[in-house]
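Open the model in your viewer and keep the selection panel at hand. The stops below go element by element.

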Amino acid sequence: MNITFEERMRESTERPRVYFDHAATTSPRPEVIDAVVETLRDDFGNPSSFYLEGHRAAKLLADSRAKIAACLHVLPEEIFFTSCGTESDNWAIKGAAYARKSKGRHLITTAIEHHAVLHSMEALECEGFDVTYLDVDHRGLLDPEKVREAIRDDTILVSVMMANNEIGTVLPIKEIGTICREAGVLFHSDGVQALGAIPVYPKELNADLMSFSGHKLYAPKGIGLLYKKKGVRINSLIDGGAQEKKQRGGTENVAYAVALAKALEMSMADLEYESKRQTALRDRLIRGVIERIPHTKLNGHAIKRLPNNANFSFEFIEGESILLFLDKFGYACSSGSACTSASLDPSHVLLAIGLPAEIAHGSLRVTLGIDTTEEQIDRFLIDLPLVVERLRLMSPLFADYKRGKLQPLIPEEGSLDLKVEGNYGWPS
Amino acid sequence: MKYSDKVLDHFMNPRNMGEIEDATTTGTVGNPVCGDIMKMDLKIVNNVIVDAKFMTFGCGSAIATSSMSTELIIGKTTDEALDLTNRVVAEALDGLPPVKMHCSVLAEQAVKKALETYYKREGLMTPERAKKFAILGKCEHDDDHENCECSDE
(Lines give C-alpha, C1' and ligand atoms only; values in the text may rest on other atoms or scores of the structure.)
Protein backbone atom coordinates (compact mmCIF):
# COMPACT_ATOMS: atom_id res chain seq x y z
CA MET A 1 0.00 0.00 0.00
CA ASN A 2 0.91 3.61 -0.41
CA ILE A 3 3.32 4.47 2.40
CA THR A 4 2.20 8.10 2.42
CA PHE A 5 -1.38 6.99 3.04
CA GLU A 6 -0.34 4.91 6.05
CA GLU A 7 1.85 7.72 7.36
CA ARG A 8 -0.88 10.32 7.04
CA MET A 9 -3.37 8.01 8.74
CA ARG A 10 -0.99 7.39 11.66
CA GLU A 11 -0.19 11.08 12.02
CA SER A 12 -3.85 12.07 11.88
CA THR A 13 -4.40 10.94 15.48
CA GLU A 14 -2.06 13.73 16.58
CA ARG A 15 -3.93 16.42 14.63
CA PRO A 16 -7.11 18.16 15.83
CA ARG A 17 -10.40 16.95 14.34
CA VAL A 18 -11.76 18.97 11.42
CA TYR A 19 -15.51 19.53 11.26
CA PHE A 20 -16.65 19.82 7.64
CA ASP A 21 -20.38 19.13 8.05
CA HIS A 22 -21.86 22.54 8.89
CA ALA A 23 -24.86 21.85 6.67
CA ALA A 24 -25.79 19.02 9.04
CA THR A 25 -25.41 21.04 12.20
CA THR A 26 -23.14 23.62 13.78
CA SER A 27 -21.43 23.98 17.11
CA PRO A 28 -23.22 26.65 19.21
CA ARG A 29 -21.18 29.83 19.68
CA PRO A 30 -19.83 30.32 23.23
CA GLU A 31 -21.90 33.53 23.57
CA VAL A 32 -25.00 31.53 22.60
CA ILE A 33 -24.29 28.83 25.16
CA ASP A 34 -23.81 31.53 27.82
CA ALA A 35 -27.15 33.08 26.86
CA VAL A 36 -28.89 29.70 27.21
CA VAL A 37 -27.33 29.01 30.61
CA GLU A 38 -28.10 32.51 31.91
CA THR A 39 -31.72 32.31 30.80
CA LEU A 40 -32.27 28.83 32.23
CA ARG A 41 -30.69 29.90 35.52
CA ASP A 42 -32.08 33.41 35.96
CA ASP A 43 -35.31 33.40 33.96
CA PHE A 44 -36.94 30.02 34.17
CA GLY A 45 -40.45 31.49 34.37
CA ASN A 46 -43.36 30.62 32.12
CA PRO A 47 -44.09 33.60 29.83
CA SER A 48 -47.82 33.05 30.32
CA SER A 49 -47.66 33.50 34.14
CA PHE A 50 -48.99 36.59 35.93
CA TYR A 51 -46.10 37.37 38.21
CA LEU A 52 -42.61 38.79 37.99
CA GLU A 53 -40.90 35.58 36.84
CA GLY A 54 -43.45 35.18 34.06
CA HIS A 55 -43.20 38.81 33.00
CA ARG A 56 -39.42 38.58 32.80
CA ALA A 57 -39.59 35.47 30.63
CA ALA A 58 -42.26 37.07 28.43
CA LYS A 59 -40.04 40.11 27.96
CA LEU A 60 -37.05 37.96 26.98
CA LEU A 61 -39.24 36.17 24.46
CA ALA A 62 -40.59 39.42 23.04
CA ASP A 63 -37.11 40.94 22.86
CA SER A 64 -35.81 37.85 21.04
CA ARG A 65 -38.68 37.99 18.57
CA ALA A 66 -38.00 41.68 17.93
CA LYS A 67 -34.28 41.11 17.40
CA ILE A 68 -34.95 38.29 14.95
CA ALA A 69 -37.55 40.36 13.12
CA ALA A 70 -35.05 43.20 12.80
CA CYS A 71 -32.45 40.84 11.31
CA LEU A 72 -34.95 39.64 8.71
CA HIS A 73 -36.45 43.13 8.09
CA VAL A 74 -39.92 41.91 9.07
CA LEU A 75 -42.41 42.69 11.86
CA PRO A 76 -42.10 40.91 15.22
CA GLU A 77 -45.65 39.60 14.86
CA GLU A 78 -44.57 37.87 11.67
CA ILE A 79 -42.09 35.66 13.56
CA PHE A 80 -43.28 32.39 15.14
CA PHE A 81 -41.07 30.12 17.21
CA THR A 82 -41.22 26.39 16.47
CA SER A 83 -39.19 23.37 17.55
CA CYS A 84 -37.18 23.02 14.34
CA GLY A 85 -37.03 23.65 10.59
CA THR A 86 -38.96 20.46 9.91
CA GLU A 87 -41.87 21.64 12.06
CA SER A 88 -41.84 24.99 10.28
CA ASP A 89 -41.97 23.28 6.86
CA ASN A 90 -44.79 20.98 8.01
CA TRP A 91 -46.74 23.86 9.49
CA ALA A 92 -46.34 26.15 6.47
CA ILE A 93 -47.27 23.50 3.90
CA LYS A 94 -49.98 21.51 5.67
CA GLY A 95 -51.32 24.60 7.44
CA ALA A 96 -51.65 26.49 4.14
CA ALA A 97 -53.15 23.49 2.35
CA TYR A 98 -55.80 22.90 5.04
CA ALA A 99 -56.65 26.60 5.25
CA ARG A 100 -57.11 26.91 1.50
CA LYS A 101 -58.53 23.58 0.49
CA SER A 102 -61.87 25.12 -0.39
CA LYS A 103 -60.04 27.28 -2.96
CA GLY A 104 -58.15 24.41 -4.55
CA ARG A 105 -56.12 21.29 -3.91
CA HIS A 106 -53.04 21.80 -6.08
CA LEU A 107 -49.53 22.46 -4.74
CA ILE A 108 -46.24 23.00 -6.56
CA THR A 109 -42.76 22.19 -5.34
CA THR A 110 -39.42 20.92 -6.69
CA ALA A 111 -37.77 17.53 -6.85
CA ILE A 112 -34.80 18.72 -4.75
CA GLU A 113 -36.57 19.91 -1.59
CA HIS A 114 -35.64 18.68 1.88
CA HIS A 115 -37.59 15.63 3.04
CA ALA A 116 -39.46 17.87 5.51
CA VAL A 117 -41.10 19.47 2.46
CA LEU A 118 -41.30 16.41 0.20
CA HIS A 119 -42.80 14.16 2.86
CA SER A 120 -45.27 16.87 3.90
CA MET A 121 -46.33 17.04 0.26
CA GLU A 122 -46.63 13.25 0.08
CA ALA A 123 -48.77 13.25 3.21
CA LEU A 124 -51.07 15.79 1.54
CA GLU A 125 -51.23 13.65 -1.60
CA CYS A 126 -52.52 10.80 0.57
CA GLU A 127 -55.29 13.15 1.68
CA GLY A 128 -56.32 13.91 -1.88
CA PHE A 129 -54.20 16.96 -2.69
CA ASP A 130 -52.47 17.10 -6.06
CA VAL A 131 -48.75 17.97 -6.10
CA THR A 132 -46.57 18.99 -9.06
CA TYR A 133 -42.84 18.27 -8.58
CA LEU A 134 -40.85 20.55 -10.87
CA ASP A 135 -37.58 19.30 -12.34
CA VAL A 136 -34.38 21.31 -11.95
CA ASP A 137 -31.49 21.51 -14.40
CA HIS A 138 -28.18 19.70 -14.00
CA ARG A 139 -26.88 22.47 -11.72
CA GLY A 140 -29.95 22.31 -9.47
CA LEU A 141 -31.45 25.55 -10.80
CA LEU A 142 -35.16 26.00 -11.40
CA ASP A 143 -36.36 28.17 -14.26
CA PRO A 144 -38.95 30.52 -12.66
CA GLU A 145 -41.01 30.34 -15.86
CA LYS A 146 -41.63 26.67 -15.06
CA VAL A 147 -43.41 27.80 -11.92
CA ARG A 148 -45.57 30.21 -13.94
CA GLU A 149 -46.46 27.42 -16.38
CA ALA A 150 -47.30 25.00 -13.56
CA ILE A 151 -49.68 27.37 -11.73
CA ARG A 152 -53.32 26.37 -12.28
CA ASP A 153 -56.60 27.91 -11.21
CA ASP A 154 -56.70 25.54 -8.26
CA THR A 155 -53.08 26.08 -7.15
CA ILE A 156 -52.98 27.11 -3.48
CA LEU A 157 -49.29 26.97 -2.58
CA VAL A 158 -45.84 27.01 -4.18
CA SER A 159 -42.91 25.81 -2.06
CA VAL A 160 -39.35 26.21 -3.36
CA MET A 161 -36.25 26.11 -1.18
CA MET A 162 -33.92 29.10 -1.15
CA ALA A 163 -30.72 27.05 -1.14
CA ASN A 164 -30.25 23.32 -1.44
CA ASN A 165 -28.79 21.51 1.55
CA GLU A 166 -26.86 18.93 -0.45
CA ILE A 167 -25.47 20.63 -3.53
CA GLY A 168 -25.65 24.22 -2.23
CA THR A 169 -27.34 25.68 -5.30
CA VAL A 170 -29.05 29.02 -4.56
CA LEU A 171 -32.38 29.18 -6.37
CA PRO A 172 -33.97 32.28 -7.97
CA ILE A 173 -36.45 32.74 -5.15
CA LYS A 174 -37.17 36.42 -5.73
CA GLU A 175 -38.29 35.75 -9.31
CA ILE A 176 -40.39 32.79 -8.21
CA GLY A 177 -41.90 34.83 -5.37
CA THR A 178 -42.82 37.61 -7.79
CA ILE A 179 -44.54 35.16 -10.13
CA CYS A 180 -46.53 33.71 -7.23
CA ARG A 181 -47.48 37.14 -5.94
CA GLU A 182 -48.71 38.16 -9.42
CA ALA A 183 -50.71 34.95 -9.68
CA GLY A 184 -52.15 35.38 -6.19
CA VAL A 185 -50.72 32.08 -4.98
CA LEU A 186 -49.12 31.68 -1.54
CA PHE A 187 -45.36 31.21 -1.66
CA HIS A 188 -43.36 29.29 0.93
CA SER A 189 -39.59 28.95 0.88
CA ASP A 190 -37.45 26.66 3.02
CA GLY A 191 -34.66 29.00 4.08
CA VAL A 192 -32.99 26.64 6.54
CA GLN A 193 -29.64 26.44 4.72
CA ALA A 194 -29.70 30.04 3.47
CA LEU A 195 -30.15 31.94 6.74
CA GLY A 196 -26.84 33.01 8.18
CA ALA A 197 -25.03 32.13 4.95
CA ILE A 198 -26.50 34.63 2.48
CA PRO A 199 -28.82 37.66 2.86
CA VAL A 200 -32.39 36.51 3.53
CA TYR A 201 -35.13 39.15 3.58
CA PRO A 202 -38.56 37.51 3.13
CA LYS A 203 -40.26 40.72 2.01
CA GLU A 204 -37.71 41.39 -0.74
CA LEU A 205 -38.19 37.80 -1.89
CA ASN A 206 -41.97 38.17 -2.02
CA ALA A 207 -42.26 35.17 0.29
CA ASP A 208 -45.43 34.66 2.35
CA LEU A 209 -43.96 31.91 4.48
CA MET A 210 -40.35 30.96 5.25
CA SER A 211 -38.87 28.22 7.44
CA PHE A 212 -35.65 28.52 9.41
CA SER A 213 -33.70 26.43 11.89
CA GLY A 214 -31.51 27.48 14.80
CA HIS A 215 -28.87 24.78 14.80
CA LYS A 216 -27.69 25.57 11.27
CA LEU A 217 -26.54 28.99 12.46
CA TYR A 218 -24.67 28.21 15.67
CA ALA A 219 -27.72 28.05 17.96
CA PRO A 220 -28.85 24.79 19.63
CA LYS A 221 -31.03 22.09 18.09
CA GLY A 222 -34.64 22.30 19.21
CA ILE A 223 -35.58 25.76 17.99
CA GLY A 224 -36.89 26.87 14.60
CA LEU A 225 -38.76 29.77 13.08
CA LEU A 226 -41.63 30.32 10.78
CA TYR A 227 -41.94 33.69 9.07
CA LYS A 228 -45.60 34.26 8.24
CA LYS A 229 -46.47 37.45 6.42
CA LYS A 230 -49.01 39.59 8.23
CA GLY A 231 -52.51 38.76 7.01
CA VAL A 232 -51.61 35.28 5.74
CA ARG A 233 -53.78 32.70 7.49
CA ILE A 234 -52.83 29.08 7.84
CA ASN A 235 -54.20 26.36 10.08
CA SER A 236 -52.47 25.38 13.30
CA LEU A 237 -50.91 21.95 13.57
CA ILE A 238 -50.12 22.03 17.29
CA ASP A 239 -53.22 22.74 19.32
CA GLY A 240 -52.83 23.82 22.92
CA GLY A 241 -52.62 27.05 24.88
CA ALA A 242 -52.60 30.61 23.64
CA GLN A 243 -48.87 30.73 22.89
CA GLU A 244 -47.58 32.24 19.64
CA LYS A 245 -50.76 34.22 19.11
CA LYS A 246 -52.86 31.07 19.66
CA GLN A 247 -51.32 29.54 16.56
CA ARG A 248 -48.73 27.19 18.00
CA GLY A 249 -49.44 25.67 21.40
CA GLY A 250 -46.78 24.62 23.88
CA THR A 251 -44.87 26.52 26.56
CA GLU A 252 -42.30 28.65 24.79
CA ASN A 253 -38.65 27.58 24.78
CA VAL A 254 -37.47 30.94 26.08
CA ALA A 255 -33.81 30.03 26.55
CA TYR A 256 -33.51 28.75 23.00
CA ALA A 257 -35.42 31.72 21.59
CA VAL A 258 -32.86 33.95 23.31
CA ALA A 259 -30.11 31.74 21.90
CA LEU A 260 -31.48 31.92 18.38
CA ALA A 261 -31.79 35.71 18.53
CA LYS A 262 -28.20 35.95 19.78
CA ALA A 263 -26.91 33.55 17.12
CA LEU A 264 -28.78 35.28 14.32
CA GLU A 265 -27.59 38.74 15.36
CA MET A 266 -24.00 37.48 15.45
CA SER A 267 -24.38 35.79 12.06
CA MET A 268 -25.79 38.96 10.56
CA ALA A 269 -22.94 41.06 11.97
CA ASP A 270 -20.46 38.61 10.39
CA LEU A 271 -22.40 37.94 7.21
CA GLU A 272 -20.47 39.99 4.70
CA TYR A 273 -17.06 39.08 6.06
CA GLU A 274 -17.81 35.39 6.57
CA SER A 275 -19.53 35.05 3.23
CA LYS A 276 -16.45 36.39 1.42
CA ARG A 277 -14.05 34.42 3.58
CA GLN A 278 -15.89 31.11 3.21
CA THR A 279 -16.44 31.62 -0.52
CA ALA A 280 -12.68 32.02 -0.95
CA LEU A 281 -12.01 28.88 1.12
CA ARG A 282 -14.72 26.98 -0.77
CA ASP A 283 -13.23 27.91 -4.14
CA ARG A 284 -9.74 27.01 -2.95
CA LEU A 285 -11.13 23.63 -1.94
CA ILE A 286 -13.07 23.09 -5.18
CA ARG A 287 -10.15 24.08 -7.42
CA GLY A 288 -7.74 21.97 -5.39
CA VAL A 289 -9.92 18.86 -5.44
CA ILE A 290 -10.66 19.03 -9.18
CA GLU A 291 -6.96 19.64 -9.94
CA ARG A 292 -5.62 16.89 -7.72
CA ILE A 293 -8.14 14.09 -8.19
CA PRO A 294 -8.83 12.79 -11.72
CA HIS A 295 -12.39 11.89 -12.79
CA THR A 296 -14.00 14.28 -10.30
CA LYS A 297 -16.95 16.58 -10.84
CA LEU A 298 -18.43 19.40 -8.83
CA ASN A 299 -22.13 18.91 -8.14
CA GLY A 300 -24.33 21.99 -8.12
CA HIS A 301 -23.74 25.44 -9.60
CA ALA A 302 -20.16 26.74 -9.76
CA ILE A 303 -21.18 30.32 -8.83
CA LYS A 304 -24.79 30.36 -7.64
CA ARG A 305 -24.02 28.28 -4.58
CA LEU A 306 -23.83 28.75 -0.83
CA PRO A 307 -20.48 30.18 0.34
CA ASN A 308 -19.90 27.15 2.55
CA ASN A 309 -20.90 24.25 0.29
CA ALA A 310 -18.81 21.98 -1.92
CA ASN A 311 -20.18 18.72 -3.29
CA PHE A 312 -18.15 16.34 -5.44
CA SER A 313 -18.60 13.04 -7.22
CA PHE A 314 -15.58 10.78 -7.51
CA GLU A 315 -15.97 8.19 -10.21
CA PHE A 316 -15.44 4.43 -9.51
CA ILE A 317 -15.84 4.65 -5.72
CA GLU A 318 -18.60 4.79 -3.14
CA GLY A 319 -19.31 7.58 -0.68
CA GLU A 320 -19.66 5.79 2.64
CA SER A 321 -16.23 4.25 2.31
CA ILE A 322 -14.83 7.74 1.61
CA LEU A 323 -16.47 9.00 4.82
CA LEU A 324 -15.10 6.11 6.87
CA PHE A 325 -11.52 6.80 5.80
CA LEU A 326 -11.94 10.56 6.19
CA ASP A 327 -13.29 10.01 9.71
CA LYS A 328 -10.15 7.98 10.46
CA PHE A 329 -8.05 10.82 9.01
CA GLY A 330 -9.86 13.26 11.33
CA TYR A 331 -12.56 14.79 9.12
CA ALA A 332 -16.35 14.87 9.57
CA CYS A 333 -18.04 15.04 6.14
CA SER A 334 -21.23 13.79 4.53
CA SER A 335 -22.26 11.86 1.42
CA GLY A 336 -25.33 11.34 -0.74
CA SER A 337 -24.50 7.68 -1.09
CA ALA A 338 -27.30 5.24 -0.36
CA CYS A 339 -25.09 3.49 2.15
CA THR A 340 -25.01 6.50 4.45
CA SER A 341 -28.77 6.50 4.82
CA ALA A 342 -31.32 3.96 5.94
CA SER A 343 -32.62 3.66 2.39
CA LEU A 344 -30.73 1.83 -0.32
CA ASP A 345 -31.12 4.52 -2.93
CA PRO A 346 -28.75 7.42 -3.44
CA SER A 347 -29.76 11.00 -2.67
CA HIS A 348 -32.91 12.20 -4.44
CA VAL A 349 -31.18 15.53 -5.07
CA LEU A 350 -28.24 13.99 -6.93
CA LEU A 351 -30.61 11.85 -8.99
CA ALA A 352 -32.78 14.92 -9.71
CA ILE A 353 -29.80 16.81 -11.19
CA GLY A 354 -29.40 13.92 -13.60
CA LEU A 355 -26.54 11.98 -12.05
CA PRO A 356 -26.65 8.28 -12.87
CA ALA A 357 -26.85 6.22 -9.67
CA GLU A 358 -23.27 4.94 -10.10
CA ILE A 359 -21.99 8.55 -9.91
CA ALA A 360 -24.41 9.64 -7.18
CA HIS A 361 -23.13 6.83 -4.93
CA GLY A 362 -19.64 8.34 -5.07
CA SER A 363 -20.53 11.77 -3.73
CA LEU A 364 -18.93 13.77 -0.93
CA ARG A 365 -20.33 16.92 0.67
CA VAL A 366 -17.94 19.26 2.46
CA THR A 367 -19.59 22.20 4.24
CA LEU A 368 -17.53 24.93 5.87
CA GLY A 369 -18.27 27.24 8.79
CA ILE A 370 -17.01 30.11 10.90
CA ASP A 371 -14.41 27.80 12.48
CA THR A 372 -12.96 26.63 9.12
CA THR A 373 -9.40 27.72 8.34
CA GLU A 374 -7.21 27.75 5.26
CA GLU A 375 -4.89 25.35 7.03
CA GLN A 376 -7.73 22.83 7.37
CA ILE A 377 -8.51 23.10 3.64
CA ASP A 378 -4.87 22.61 2.69
CA ARG A 379 -4.53 19.62 5.00
CA PHE A 380 -7.68 18.13 3.47
CA LEU A 381 -6.24 18.64 -0.02
CA ILE A 382 -3.37 16.34 0.97
CA ASP A 383 -5.50 13.64 2.57
CA LEU A 384 -8.53 13.42 0.29
CA PRO A 385 -6.56 12.43 -2.85
CA LEU A 386 -4.91 9.62 -0.85
CA VAL A 387 -8.28 8.30 0.31
CA VAL A 388 -9.77 8.39 -3.18
CA GLU A 389 -6.70 6.70 -4.66
CA ARG A 390 -6.77 4.00 -2.01
CA LEU A 391 -10.43 3.19 -2.67
CA ARG A 392 -9.94 3.23 -6.44
CA LEU A 393 -7.20 0.63 -6.08
CA MET A 394 -9.83 -1.63 -4.49
CA SER A 395 -12.49 -0.90 -7.10
CA PRO A 396 -13.20 -3.42 -9.88
CA LEU A 397 -14.73 -0.54 -11.88
CA PHE A 398 -11.45 1.37 -11.76
CA ALA A 399 -9.59 -1.82 -12.76
CA ASP A 400 -11.92 -2.25 -15.75
CA TYR A 401 -11.37 1.39 -16.71
CA LYS A 402 -7.58 0.95 -16.50
CA ARG A 403 -7.85 -2.03 -18.84
CA GLY A 404 -9.91 0.00 -21.28
CA LYS A 405 -13.02 -2.08 -20.62
CA LEU A 406 -15.06 0.75 -19.15
CA GLN A 407 -15.71 4.21 -20.55
CA PRO A 408 -15.55 6.84 -17.77
CA LEU A 409 -18.54 9.15 -17.34
CA ILE A 410 -16.46 11.97 -15.84
CA PRO A 411 -13.43 13.06 -17.89
CA GLU A 412 -9.97 12.62 -16.39
CA GLU A 413 -9.39 16.36 -16.11
CA GLY A 414 -12.59 16.70 -14.09
CA SER A 415 -15.31 19.29 -14.42
CA LEU A 416 -16.88 22.24 -12.64
CA ASP A 417 -19.99 22.03 -14.77
CA LEU A 418 -20.61 18.64 -16.29
CA LYS A 419 -23.92 17.30 -17.41
CA VAL A 420 -23.42 13.57 -17.00
CA GLU A 421 -24.96 11.70 -19.88
CA GLY A 422 -25.55 7.97 -19.91
CA ASN A 423 -24.35 5.25 -17.57
CA TYR A 424 -22.12 2.20 -17.61
CA GLY A 425 -24.76 0.20 -19.44
CA TRP A 426 -24.59 -2.44 -16.74
CA PRO A 427 -26.89 -5.33 -17.65
CA SER A 428 -30.07 -5.38 -15.66
CA MET B 1 -24.99 3.62 12.93
CA LYS B 2 -21.71 2.26 14.08
CA TYR B 3 -19.56 -0.59 12.79
CA SER B 4 -17.82 -3.14 15.01
CA ASP B 5 -14.06 -2.80 15.49
CA LYS B 6 -13.61 -5.93 13.40
CA VAL B 7 -15.54 -4.48 10.45
CA LEU B 8 -13.45 -1.32 10.64
CA ASP B 9 -10.25 -3.36 10.85
CA HIS B 10 -11.12 -5.36 7.71
CA PHE B 11 -12.17 -2.16 5.96
CA MET B 12 -9.01 -0.24 6.86
CA ASN B 13 -6.67 -3.21 6.38
CA PRO B 14 -8.38 -5.46 3.85
CA ARG B 15 -6.99 -8.99 3.58
CA ASN B 16 -6.37 -10.50 0.15
CA MET B 17 -7.33 -7.42 -1.83
CA GLY B 18 -6.35 -7.58 -5.48
CA GLU B 19 -6.50 -9.98 -8.37
CA ILE B 20 -5.09 -13.46 -9.11
CA GLU B 21 -3.52 -13.45 -12.55
CA ASP B 22 -3.94 -17.17 -13.14
CA ALA B 23 -7.23 -17.50 -11.26
CA THR B 24 -9.06 -20.78 -11.73
CA THR B 25 -12.40 -19.02 -11.59
CA THR B 26 -13.90 -15.59 -10.99
CA GLY B 27 -17.26 -14.42 -9.68
CA THR B 28 -18.54 -10.88 -10.11
CA VAL B 29 -21.81 -9.84 -8.47
CA GLY B 30 -23.68 -6.63 -7.71
CA ASN B 31 -24.36 -3.61 -9.84
CA PRO B 32 -22.90 -0.09 -9.86
CA VAL B 33 -26.43 1.29 -9.89
CA CYS B 34 -27.00 -0.34 -6.49
CA GLY B 35 -23.69 1.04 -5.28
CA ASP B 36 -21.81 -2.22 -4.86
CA ILE B 37 -19.85 -4.63 -7.04
CA MET B 38 -17.73 -7.48 -5.77
CA LYS B 39 -15.26 -9.48 -7.83
CA MET B 40 -13.82 -12.66 -6.33
CA ASP B 41 -10.87 -14.52 -7.91
CA LEU B 42 -10.22 -18.08 -6.72
CA LYS B 43 -7.20 -20.29 -7.30
CA ILE B 44 -8.29 -23.91 -6.91
CA VAL B 45 -5.90 -26.89 -6.83
CA ASN B 46 -7.31 -30.43 -6.38
CA ASN B 47 -10.65 -28.95 -5.29
CA VAL B 48 -8.96 -26.90 -2.56
CA ILE B 49 -9.10 -23.10 -2.59
CA VAL B 50 -5.42 -22.25 -2.27
CA ASP B 51 -5.85 -18.52 -2.82
CA ALA B 52 -8.65 -15.95 -3.00
CA LYS B 53 -8.51 -12.27 -3.84
CA PHE B 54 -11.22 -9.66 -4.11
CA MET B 55 -11.91 -6.21 -5.51
CA THR B 56 -14.92 -4.28 -4.28
CA PHE B 57 -16.73 -1.08 -5.20
CA GLY B 58 -18.95 -0.34 -2.25
CA CYS B 59 -19.41 0.80 1.30
CA GLY B 60 -17.37 -0.11 4.35
CA SER B 61 -19.32 -3.28 5.09
CA ALA B 62 -19.10 -4.45 1.45
CA ILE B 63 -15.31 -4.16 1.62
CA ALA B 64 -15.09 -5.74 5.08
CA THR B 65 -17.31 -8.71 4.15
CA SER B 66 -15.28 -9.29 0.97
CA SER B 67 -12.11 -9.33 3.01
CA MET B 68 -13.53 -11.64 5.69
CA SER B 69 -14.93 -14.04 3.07
CA THR B 70 -11.51 -14.59 1.54
CA GLU B 71 -10.10 -15.41 4.99
CA LEU B 72 -12.92 -17.86 5.63
CA ILE B 73 -12.52 -19.82 2.38
CA ILE B 74 -8.77 -19.98 1.81
CA GLY B 75 -7.60 -23.51 2.60
CA LYS B 76 -11.12 -24.96 2.41
CA THR B 77 -12.28 -27.46 -0.17
CA THR B 78 -14.73 -26.07 -2.71
CA ASP B 79 -17.54 -28.06 -1.09
CA GLU B 80 -16.67 -26.67 2.33
CA ALA B 81 -16.63 -23.16 0.88
CA LEU B 82 -20.16 -23.75 -0.43
CA ASP B 83 -21.34 -23.76 3.17
CA LEU B 84 -20.24 -20.14 3.58
CA THR B 85 -23.35 -18.11 4.28
CA ASN B 86 -23.86 -14.41 4.83
CA ARG B 87 -24.66 -15.15 8.47
CA VAL B 88 -21.27 -16.80 8.97
CA VAL B 89 -19.50 -13.83 7.35
CA ALA B 90 -21.45 -11.33 9.46
CA GLU B 91 -20.83 -13.28 12.68
CA ALA B 92 -17.11 -13.50 11.94
CA LEU B 93 -17.14 -9.69 11.78
CA ASP B 94 -18.87 -9.45 15.20
CA GLY B 95 -22.12 -8.51 13.48
CA LEU B 96 -23.28 -5.87 11.02
CA PRO B 97 -25.85 -3.12 11.47
CA PRO B 98 -29.23 -4.54 10.28
CA VAL B 99 -29.40 -2.18 7.30
CA LYS B 100 -26.01 -3.50 6.17
CA MET B 101 -26.84 -7.21 6.20
CA HIS B 102 -27.44 -7.17 2.45
CA CYS B 103 -23.73 -6.44 1.94
CA SER B 104 -22.87 -9.76 3.53
CA VAL B 105 -25.19 -11.50 1.06
CA LEU B 106 -23.15 -9.99 -1.74
CA ALA B 107 -19.98 -11.59 -0.34
CA GLU B 108 -21.66 -15.00 -0.20
CA GLN B 109 -22.91 -14.51 -3.74
CA ALA B 110 -19.47 -13.58 -5.08
CA VAL B 111 -17.90 -16.76 -3.70
CA LYS B 112 -20.78 -18.89 -4.97
CA LYS B 113 -20.75 -17.28 -8.38
CA ALA B 114 -17.09 -18.18 -8.77
CA LEU B 115 -17.70 -21.75 -7.56
CA GLU B 116 -20.73 -22.21 -9.81
CA THR B 117 -18.64 -21.30 -12.85
CA TYR B 118 -15.94 -23.68 -11.68
CA TYR B 119 -18.26 -26.65 -11.08
CA LYS B 120 -20.04 -26.20 -14.38
CA ARG B 121 -16.84 -25.86 -16.37
CA GLU B 122 -15.24 -28.89 -14.73
CA GLY B 123 -18.42 -30.96 -15.13
CA LEU B 124 -18.68 -31.28 -11.35
CA MET B 125 -22.15 -29.80 -10.88
CA THR B 126 -24.45 -32.30 -9.15
CA PRO B 127 -28.09 -31.82 -8.11
CA GLU B 128 -26.90 -31.85 -4.51
CA ARG B 129 -24.43 -29.00 -5.18
CA ALA B 130 -26.84 -27.09 -7.41
CA LYS B 131 -29.14 -26.57 -4.39
CA LYS B 132 -26.47 -24.47 -2.72
CA PHE B 133 -26.51 -21.92 -5.51
CA ALA B 134 -30.12 -20.85 -5.05
CA ILE B 135 -28.97 -17.55 -3.54
CA LEU B 136 -27.48 -16.44 -6.86
CA GLY B 137 -30.94 -15.89 -8.31
CA LYS B 138 -31.85 -13.47 -5.55
CA CYS B 139 -31.24 -9.76 -5.45
CA GLU B 140 -29.22 -9.05 -2.34
CA HIS B 141 -31.35 -6.00 -1.75
CA ASP B 142 -34.58 -7.91 -1.11
CA ASP B 143 -37.68 -5.95 -1.89
CA ASP B 144 -36.83 -2.65 -0.28
CA HIS B 145 -35.04 -1.25 -3.29
CA GLU B 146 -36.91 1.19 -5.42
CA ASN B 147 -34.73 1.91 -8.42
CA CYS B 148 -32.54 -1.09 -8.70
CA GLU B 149 -32.44 -3.97 -11.08
CA CYS B 150 -29.78 -6.22 -9.71
CA SER B 151 -27.93 -8.64 -11.91
CA ASP B 152 -25.51 -11.41 -11.15
CA GLU B 153 -23.26 -10.78 -14.13
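Select α2(A), residues 30-42, together with α9(A). Their axes cross at roughly 155° and come within 8 Å. The two helices are therefore roughly antiparallel to each other; that label applies to angles over 145 degrees, while under 35 counts as roughly parallel, 65 to 115 as roughly perpendicular and the rest as oblique. Axes here are lines fitted to C-alpha atoms, for helices over the stretch in contact, with angles from 0 to 180 degrees between N-to-C directions. Helices are DSSP runs of H or I with at least four residues, strands are runs of E with at least two, and both are numbered from the N terminus.

This is a predicted model, in which local features need pLDDT of at least 70 and side-chain atom pairs count only at pLDDT 80 or more, whereas totals for chains, interfaces and linings use all residues. Residues are numbered from 1 along each chain as its sequence is written, and chains are lettered from A and ligands numbered from 1 in the order in which they are written.

Stay on this pair. Show side chains at the contact (C-beta atoms, placed from the backbone, within 7 Å). From α2(A) come Glu31(A), Val32(A), Ala35(A), Val36(A), Thr39(A) and Leu40(A). They meet residues of α9(A) including Tyr256(A), Lys262(A) and Met266(A). The contact of α2(A) with α9(A) divides into 11 nonpolar, one polar and two charged residues. Nonpolar covers Ala, Val, Leu, Ile, Met, Phe, Trp, Tyr, Cys and Pro; charged covers Asp, Glu, Lys and Arg; the others, Gly among them, are polar.

The crossing of α3(A) and α9(A) is left-handed. Its contact residues divide into 12 nonpolar, one polar and two charged. Among those in α3(A) are Leu60(A), Leu61(A) and Ile68(A); among those in α9(A) are Leu260(A), Leu264(A) and Met268(A).

Which strands does α9(A) lie across? Select residues 254-292: the helix lies across β9, β10 and β12 of chain A, at about 10° to β10(A). Those strands form an open antiparallel sheet in the order β9-β10-β12; strands pair if DSSP finds at least two bridges between them. β9 (296-298) and β12 (363-367) of chain A each have a single partner strand, so one side of each is left without a neighbour in the sheet. The twist averages 25° from one strand to the next. Zoom to Leu298(A): its bridge partner in β10(A) is Phe312(A).

Switch to chain B. Its open antiparallel sheet has the order β1-β2-β3. β1 (25-31) and β3 of chain B are the edge strands. Nine bridges join β2(B) to β3(B). One to pick out pairs Asp41(B) with Lys53(B). Helix α2(B), residues 60-73, lies across β2 and β3 of chain B, at about 175° to β3(B). Helix α5(B), residues 101-121, lies across β1 and β2 of chain B, at about 145° to β1(B).

Last, colour chain B by pLDDT, the predictor's confidence in each residue from 0 to 100. The chain B mean is 88. Residues 142-153 of chain B stay under 50. The model scores ipTM 0.89 and pTM 0.93.

Terms used
Two residues are in contact if their C-beta atoms, placed from the backbone, lie within 7 Å. A crossing is left-handed if the near helix is turned anticlockwise from the far one by less than a right angle, and right-handed if clockwise.
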